[in-house]
Amino acid sequence: HREPRNQLVHFFGVPGILWSMIIFMTHLPIPYLGRSLQKSLPADYQLTYGLVLTLVYLGFYLTIDPLGGTLYAPILYAMYISAVWMHQSDQKKAGGTSWAGTGRLLSMAFVLHVLSWYVQIQLGHKVFEGAQPAVMQSLGGALTVAPLFAFYEGLWLAGINKELQNETMRLVDKYTID
C-alpha cells in the first residue's frame, strides 16, 4: 500500500471487517463452557465466540509483534466491548426471544462487512492503487495479519516505528517484483 488514499481506506476498512466478524460471533454462545461459567458472570453477560475471536487475535498479535499487539490491544478491546454492548441492547429490544435479537444488528454488521471488503478491493486497490489486493493471494493472511498491518500504516503515518516501515516496504517491493 503505497497510495495514501488506499492506506486510508484500509485503515478504516480492515477494522470494519474485523469488528463485523466480532459482532457476528457475539451472537454465538460457547456451549457448555459458557453455561458452566455463567454463574460467576454478570447476568446479562454471556461467553461467546466473539470473546474467543478477540483473544485469538490478541494472542497472535502479541506473539508476532509484542509492541504492535500491545498497542492494538485497546482497539481490539473497544471492538469487543462495543459488539457485546450492541448485542445486549439488541437482545433487550427483542425481548431475548431469539439468538438473532431484532436482526438489525446482524444486518448492520453484514452491510459493514460487505461494504468494507468492497471499498478496499474496488476503491482502494483497483481505483487508487491500481494493484491486485493481497486477499487474492491469501485469504488467511488478509484475515489474520491485515488488521495489524492497517494499524501499522496509521502508526507509520504518525512517525512510529519507521524502521519496521522501511523493512516492510522493502519486502513489499520485492514481493511486487516477484
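## A buried tyrosine

Tyr61 is buried, with a relative accessible area of 0%; buried here means under 20% relative accessible area, exposed means over 50%, and partly exposed lies in between (1.4 Å probe, protein chains only). Before we go further, please note that this is a predicted model, in which local features need pLDDT of at least 70 and side-chain atom pairs count only at pLDDT 80 or more, while totals for chains, interfaces and linings use all residues. Residues are numbered from 1 along each chain as its sequence is written, and side-chain values use heavy atoms, with hydrogens and water left out.

Which ring pairs with that of Tyr61 edge-to-face? The partner is Tyr72: the ring centres are 5.7 Å apart and the planes stand at 70 degrees, so the pair is edge-to-face. Rings of Phe, Tyr and Trp (its six-membered ring) pair if their centres lie within 6.5 Å, and planes under 30 degrees apart count as stacked, over 60 as edge-to-face and the rest as tilted. Tyr61 sits in helix H3 (residues 49–64) and Tyr72 in helix H4 (residues 66–94), so this pair ties together parts that are 11 residues apart in sequence. Tyr72 is also buried, at a relative accessible area of 1%.

## The aromatic cluster

In total, the structure holds 7 aromatic pairs. One of them joins Phe60 and Tyr61, whose ring centres are 5.8 Å apart with planes at 45 degrees, so this pair is tilted. Phe60 has 32% relative accessibility and therefore counts as partly exposed. Tyr57, Phe60, Tyr61, Tyr72 and Phe151 form one aromatic cluster.

## The overall fold

Stepping back, the protein chain has 8 helices and 0 strands, following the pattern α-α-α-α-α-α-α-α along the sequence. Helices (H or I, at least four residues) and strands (E, at least two) are DSSP runs, numbered from the N terminus. Of the 178 residues in the protein chain, 38% are buried. Among contacts with a separation of 6 or more, 62% come from residues 24 or more positions apart, where contact means heavy atoms within 4.5 Å.

## The largest nonpolar core

A nonpolar core is a set of buried Ala, Val, Leu, Ile, Met, Phe, Trp, Tyr and Cys residues joined through side-chain atoms within 4.5 Å. The largest one has 28 residues, and Leu18, Ile22, Tyr57 and Tyr72 touch the most other members. Two or more residues each come from H1, H3, H4, helix H5 (104–129) and helix H7 (146–157). H4 gives the most, with 7 residues.

## Helix H1 and its neighbours

H1 and H3 pack at an angle of about 145 degrees, with their axes 7 Å apart; axes are lines fitted to C-alpha atoms, for helices over the stretch in contact, and angles run from 0 to 180 degrees between N-to-C directions. Leu18, Met21, Ile22 and Met25 of H1 meet Tyr49, Gly50, Leu53, Thr54 and Tyr57 of H3. Leaving aside neighbours within four places in sequence, Ile22 is in contact with Gly50, Leu53, Thr54, Met79, Tyr80 and Ala83.

Ser20 is found in helix H1 (residues 4–25) too. Is Ser20 buried or exposed? At 0% relative accessibility, Ser20 counts as buried. Not counting residues up to four places away in sequence, Ser20 touches Ala109, Leu112 and His113.
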